[in-house]
Every structure is written in C-alpha cells, then in structure tokens.
Number of protein chains: 2
Amino acid sequence: MRRWNGWGDDATVVELPAHGEAFLAELVGSGQLLADASLEQVLAQVPASRLQAHPLICLNAEDRVRHARGQSLPDWLAMRSGDFGVFPDGVAYPESAAQVRELLAWASQHDLIVIPYGGGTSVAGHINPQASNKPVLTLSLARMSKLIEIDHDSLIATFGPGANGPQVESQLRAQGYTLGHFPQSWELSTLGGWVASRSSGQQSLRYGRIEQLFAGGKVETFAGTLEIPTFPASAAGPDLREILMGSEGRFGIISEVKVRITRLAEQENFYAVFLPNWQQALSAIRSLAQARVPLSMLRLSNAIETKTQLALAGHPQQIAWLEKYLALRGAGEGKCMLTFGVTGSRTQNAASLKQAKKLLKSFGGVFTGTLLGKKWAENRFRFPYLRHGLWAAGYAVDTLETATDWSNVDNLLNKVETSLRTGLSEEGEQVHVFTHLSHVYNEGSSIYTTYVFRPGANYAEAMARWQKLKHAASLTIAENRGTISHQHGVGRDHAPYLPVEKGELGMATLKALAGHFDPEQRLAPGVLLQD
Amino acid sequence: MRRWNGWGDDATVVELPAHGEAFLAELVGSGQLLADASLEQVLAQVPASRLQAHPLICLNAEDRVRHARGQSLPDWLAMRSGDFGVFPDGVAYPESAAQVRELLAWASQHDLIVIPYGGGTSVAGHINPQASNKPVLTLSLARMSKLIEIDHDSLIATFGPGANGPQVESQLRAQGYTLGHFPQSWELSTLGGWVASRSSGQQSLRYGRIEQLFAGGKVETFAGTLEIPTFPASAAGPDLREILMGSEGRFGIISEVKVRITRLAEQENFYAVFLPNWQQALSAIRSLAQARVPLSMLRLSNAIETKTQLALAGHPQQIAWLEKYLALRGAGEGKCMLTFGVTGSRTQNAASLKQAKKLLKSFGGVFTGTLLGKKWAENRFRFPYLRHGLWAAGYAVDTLETATDWSNVDNLLNKVETSLRTGLSEEGEQVHVFTHLSHVYNEGSSIYTTYVFRPGANYAEAMARWQKLKHAASLTIAENRGTISHQHGVGRDHAPYLPVEKGELGMATLKALAGHFDPEQRLAPGVLLQD
C-alpha cells in the first residue's frame, strides 16, 4: 500500500548499507534520529470539514491526510512530525470530464478553493492547501487513468489525465508502444501532472520532454473547456499547448491528454564510461550532445557524486577492483561516471555506440561495458526510497535542479554546490553535496544537485536548516542565469524566485492568463504566481 | 535590385521552358496575358502622407509602395495591376531597440497604427495596411540585421531581428556555424519574421522549426519590454517564447533574437529515390520519420507533382532516359519522387544513408544517387521566381499548406487537391494541382499544394478565381482536421479559419494576450485575430 508519510509502496524498503552510513558519518557527522508521528496521531488532528456533502466528494479524514502533502523535504518533515498544518476539506474523485466540470461549477457556487491533484509527487508545494476562509477541495484525477484510444498511424494515444507512469506504460506496452517518459517520480506521478508542470523524463534525449510528447487534449476551466486539437506542427498563432504546460493547475484542470508514442525499440542498452576528471567529462558530454549522436540517455556524475555512488553501492570488494582497474587506465581520483543509453534498432544502436565510444575515448573515457548501466536501469526509480533509508540512519536528503547554457554550467554548478556546502556553517554543520547532469541539450544542460545534512535536535531545527539551504541555492540559481526549475516546476517553493527569469512584463502576462481562465482565483492560489 | 512588384532580385530570371508551356497548355488551356502597371503609374497614385515629420520616418512614395504589399497571390495581382489599395503613410527604419521604443511611444502619442515589417515576404497578408482613420506607420527592421554576439560553448548567436536568410548565414558561416533555417523565402525573409510567424525551414528535420531554434531575445511592446532569457529547457511556468512565436506582430516588435546554431557539418548530401506509387511512398516516408532515421530533409512529391517536375525540368531527353530506367525497375506511371538529405559527420551520414536505403528498398524504392538531389539543392530557393515565368506565359500560380496527423494525411491531401481541381468548374476552367510533403514528424506531415490556373480576362476575374480557390481549400483544411497553416502563418488571409482549430476559449485567450500587450490595438490590427 502507498505510504501515507513518505515515498512509494510500503513493501519497498531501501536501506542505507552499513559502509554507506560510515561514509556519511565521516563526512557530515553521525546521524540524528527524530521520532515519527503515527497515522492515528495525525488523523486525530484533522478538523471537521467545512464542505457540504456532494456525491463526488469524500470527507473522510484519511483521504484528507493522504492528499494534504506532496514529497518535498518540508512535506516529509510535516508528515514525519505529524505537524501537517492545513488539510483539504475534502477530496473529490471525478471519473469523467463532465464530473470535473460539475465539481468546478459546484466550487464556484459554494465559493471554494480547488487544488488539482495528480500523483501527489510535487517537490515544490504544488498541492498543499493553505489556510483560507474558503473551504478547500482537492480534486484528484486518480479515477481517470484509462487509455482511451490509440491512433496507430499517427502514434497518438489518448489517456485520462490521472494515469500514472506504470498505468501509462503498461497500457501502451500491451500494444507494442512506449511513451518513453520516465521522471524519477514515474511510479506515482501522472500524465496530467507531467503536462501541468512541464516534466522531463530520464530518456528525454530520445523521446523529448513532455513539451514534445504532449500533443493536445482537453482542459476544464472556469471560463469553459479548452480543446486543443493535435497537429504535428502548426504556424497558426501561439501554441495553446504551450500556454497550458507549466500552468500548474492555475488555468484549469486537464481532463484528457493526447500524447505522442513510439513503437517499442528492438534493443536498449545502457553503458558506463569513466572520464579522468570533471573538465574532460564536461567537454565530453557537451560534445556528445552537440554532435547529435543519437543516444537515448546521458547522465554525468561529478567526482563527488561518482565517489558517493560507488561508496553507497553494494559489493565494496567488487567496487574496489573496478576502481583499481580504472586508475590503471587513467581514471583515478577525481574520475567522473558517465552513463549513456542507446535505444533503437540494432543497426541504429551499433552506429550510435560506435560514435559515442570514439568520441568519449578522445576525452580519455574508460569504457566499462553494460554492467553499471544495467544497475542504473534496475535502480532508476529507487532513489526516492533512499530518503527513508537515510532518515532511518539520521540524515535528511533533498535534491534541487536547474538548467543553464553550457558556457555557464560549470560556474553555476560550483556556485550552487558551494551555497549548499557552506549553507549551515553558522550551525557548525557539514552538508554533503553532489551533482549530476542528466538532461543535455545542444544549448546547455540540467544540473541536478543532491544534499545530505543532519536534521538537528528537532523538527523545527530540521525545517530551519532546510529553509536556509533551499533559499541559498535558489537565490544562487536566480542570480546566476539558471532557471528556477528544469523539471520540478515552480509550485509555492520556487514562486518567489520566478520573477527574476520571467521579468516584470512576463509575470504580468502570466497573471493576465490566470485572470482570464480563473477570474475568481479559485485554482491553486499561490502556486506558480504569488498572489 | 529587389523587384518592387514581384519576387526577389530583378537580375534573377526564371523562365518557363517551351515544353513546360506546352505541358500546361494541354492541362489548363493556353495562357492568358494581363498587362502590368509601371512603377510610375503606381507612384502617381500614392496619396499625401498623414504622418508628421519624424527623423526616423521616411515619407517617400517609393518606400511606401515597396512596403505596401507582401508576396501572396492577391498581393501579386495588386502589384501587377497597379491597384494597390492602401499604402502606409510612412516607413520607419530604426537602428536600435531604443529607436523602436521611441517609435512606439510616438505612435501612441499620435494615435497611429504600426505594422512591423521584416522581409515583406508574407503570403497571408500580414503587412498590408488597411484603410483606417488613423495614419499607418510601417516599421521596417531592415537596419537591425547584425550578428551581435556568439556564445561558442552554448552555440547561441544574438542577432538584430532584421537579418534576412543570407545575412544570417553569411555572418554565421564566417565563423563556422549555420542556423540551418531555410524556408523557401530565405533570400528575403528575416529572423524576426520567422519568430513572429512560426516559420519552418526545408531542413527542419535536422535543425528543427523556428520553435526549436529561437532561444530568447527582446520584444518591445506597448506594455514595456519583454526580455526572454535563454535556457536549454525549463519547467518554470509557461514558456514566454511560445507566447511570442506566432503572435505575428500583434503583441510587440522583436528587437533582438537569440538563436541556437550548429557547427557546419562535415558533409551534406541529397539523394532522390522513386517509389512505385503514392501509397507505398506515403508508407515509406512515414516509416522513415517514425523510425527516427537521422536525416536532414525529406520531401515526397505525389505522382502529379513528380510528373510536373520532370516535365518542367530542362533536358527532356535525359529525363526520358531516366523514366525508362525507372519503369524497368518498377517505378513507372504513378511513381513518386522522394528527396532526402543527410547532414553530419561522414560516419553519421554513412550510417543514416544505409538505414534510409534499406528502409526505402523495402517499399520498392529505386535509388538514383545524388544527381537529382543536387539539382534540388541548387534550385531550392528558385521556385518563387517561377511565378514570374508562369505569369509571363499567362498562368497564375499559388501555393498553400497545412499539416495533419499521419492517419489523416491522405484524406486531407485528396480533399484539398479536389477542392482546388474542381474549384473553377463553374467557370469551365481547369486547375492544375500537385502536392508534396516536405516537413515530416513522428505524428504527421505538412501538406504543401501548388495550383496553377488561368487568370481570366482581367485582374478582377483573376482575383475572383483566386478567392474562390483559396476559400474552398481553406474551408476543406479547417473542416478536415488540418491546421490552417504549417509554415506561412495566419495573417489576414487565414484569420477567418483560425477559430475552428483554436476554439472559442482559445481565441478569447489570444485576444486577452493581445489586449494585455497592446491595449489600444495599434499593432497590425486584423492580423491573426479578426477584430
């Protein structure tokens, strides 16, 4: 069953190995354990609902608890401490676009706030209800998860917006297709959520971001239904899809999604290569991207992430042998691991692999075959579970991401890492920080940074530490030509930093659009645009 | 010098060969010649300007004539007949963003209409001034055509918005780069125009449409300056670039453009393959697109276009031998020519060519090498000049385009062709109609149709015939799931058909945006959105 206070299914447990714990203890000090609240304690806090009864709305306390928080670190701290703050007054589970419209009309009639809810995996505070005089209705799309239709010639699939990653892929794979969209939240996050938040998946290099995959669909708004037809491309005015993508529930509720799908590839392999140092690794990955080598995935860990991953992996003896071999071949201290994927026909993959190996060799890359690549593929959705393992060992972990042009990647990455690494120096605390580039483009790259710190003596201290770190990193991003989000969206947590990149007129434009679609500001107020 | 009443430089003359004339005479009847007006006759009609003097504005009659019309067939008829209708009251040539802002302020102060003008190549009525109580100022970006900066790591070039195709490419090529954007209007159309109208170039398969190339820049609006920073990708809310692209001058005037460039490829080749019939050809091109074979160009002529191209080509004897050879190999009557390009490193191109040949062979494709491909590349920008050759022989020619999903390509193509072919049956006139697919996507394809007809006894008749044909085809597109434009934009000519694809709420959204940026509706009124 899905955890009410953490990530994923409670049958999946990812523990921190003993040598990993020792590794962290040396870096940031020994773990600090905080006590968890029980579900019963939290249920006891849920106040009476302010909503009137409606056949589509559930007022049950547990439903309200389970839809009150996302998966950000502050959400984690709230769930673990039991200090949830605000709960939605009810959760609706519509089963059709007509029911979504009915609920919007009801919300208008009864002066409600409405929070659209997909998989509840936001790490930026998208779905958290705020204290308000108006009752808050969370509208879950979970019951609209069916594959409705496939156009086999045009490779377009029509889905309900609530289909999560496994529901999308299993329904497509049964007919020989894939969407190819694999964000790390894939097990729980949904198609509608991906569209609303401009999501990107691990194999965006081949399949594209959701911007390339989202072909059209329907959106229910307070100003009516927006129907977006599918075209392969169009020069007929601004693209309405693009206005919807990134609107994070502020403009309307997506009730149908059409996506571009791909026939399952004949073959897919992932490989690992080690580069001797960061500068060569950075040049290598940029060259691969700009030379348009048709790879399906590229992920480059910096030296600290490489070291951390090898330290936290199982089989220390095997890793030791690998590191000896790599050192002999020129990739010793400071080495960086690059993982790449080839997906396509056997002929295509052979050609891509040949190009990639040749180019990587010219940067001193040491090729290690498919073993570590396979490990990556097996564990690709397990990282979010590691928060549990780390927490149980007394550590808090969070990630953040940005993207910037190549000429600024190294600069921004260093500044973000430094802002986090030194962020708790006043507290005398070490923060362990490491980074990878996992979405690369001709123009630049995403920068994905993980930071591990000790929570302190209590939840208030943990929260204060996180706020300090998050603010330092966010400010660094905003002031150094990074986007405040490459793949997680804006939500509430990033909203204060958005005006730097959108500018005054840009912000006014987004506000004008929100006012156009939702004149009474019922939908997710405070998300994306601070009110 | 640039022609004042037609396409391109007057030193370039493309005549219809004698056998081409015979070919057309058999299909649509012998040509009908209409007399051309002289520049002097037109200059004599230009009324006094209603504008006050301003140092940046030219009130000269010839400048006003040369900025009154685009390159649509109605524009052609207006220019040839001398019946221009409305002229702008003046033409401004700002040299900086500050001067653009100054002109906008002046326009506001003096209650003017402002028409942003790039290369004047619109084929949809974007830049034609309309009769108005307010004086009309055409604002040409021609003097803002410089390459300002290149970021060599991120492959981003910053240009003035008025740089036309040759100016863009020559400035980039001098440093080893290309933009890779080659619309047929490339010789005259401009970067700012491409962005404003969502342009697509002949090699969009490799380089992307302008949507993929446009990285950011500046826009001067009546609500202030919109600065769009460059990011390789972002999940931080709706993408302001996408709101600008396709705004066709309604929201503001682009004063700086940043584009994603590419290092010049080691090698580029174009090849021609003949498929035995349309159905196999259509399946072949769809398979090439969906198998993600990394080609840089794909263009498939239907059987009538193939026949027409071979008939209008020079060297009839050579063509006769080619056709005998093709017939022997299985591509006889009904054959379709497919041209494709490979661009990249020698290794990449060899791999791509191998994949393409193998796949095309499985559909009965007969490969003819690079000769016809080279011809295509040499002549790729000459087609617009052919309007002169055809006109001199007594024929009017126009083109139109749409895009639709693969499952609808054949249906829509046939319906569009039929609407044109039978469009003048009441007049007892034949229309020669042929089509190619030249921009292909996983999801579908563009459909680009050319139609040749006799203009009739006078210009009024010619115009009435065009209107009838254009309306019939546009209605067919709108009613059959096509977009009203794949690459030419909306302008005035397509505006009546736009609501079918955008829907009521979509149109209201675009109007809300226009009202937000330009509350007094000074910019290009009637373009994109009918007022």
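Which backbone oxygen does the side chain of A:His67 reach? It is that of A:Asp63, at 2.7 Å, a polar contact (N or O atoms within 3.5 Å, one able to donate a hydrogen and the other to accept it; residues adjacent in sequence count only if both atoms are side-chain atoms). Keep in mind that this is a predicted model, where local features need pLDDT of at least 70, side-chain atom pairs count only at pLDDT 80 or more, and totals for chains, interfaces and linings use all residues. Residues are numbered from 1 along each chain as its sequence is written, chains are lettered from A and ligands numbered from 1 in the order in which they are written, and side-chain values use heavy atoms, leaving out hydrogens and water.

**Around A:His67**
- A:His67 sits in the loop between helix H3 (61–66) and helix H4 (73–81) of chain A.
- With 9% relative accessibility, A:His67 counts as buried (under 20% relative accessible area, 1.4 Å probe, protein chains only).
- Leaving aside residues up to four places away in sequence, A:His67 touches A:Pro88, A:Val91, A:Tyr93, A:Tyr117, A:Ile127, A:Thr138 and A:Ser140 (contact: heavy atoms within 4.5 Å).

**Chain A overall**
- Chain A has 19 helices and 18 strands (DSSP runs: H or I, at least four residues, for helices; E, at least two, for strands).
- Along the principal axes, the C-alpha atoms of chain A fill a box of roughly 70 × 60 × 45 Å.
- Of the 531 residues in chain A, 64% are buried.
- Among contacts in chain A with a separation of 6 or more, 76% come from residues 24 or more positions apart.

Methods. Buried < 20%, exposed > 50% of the residue type's maximum accessible area, 1.4 Å probe, protein only.
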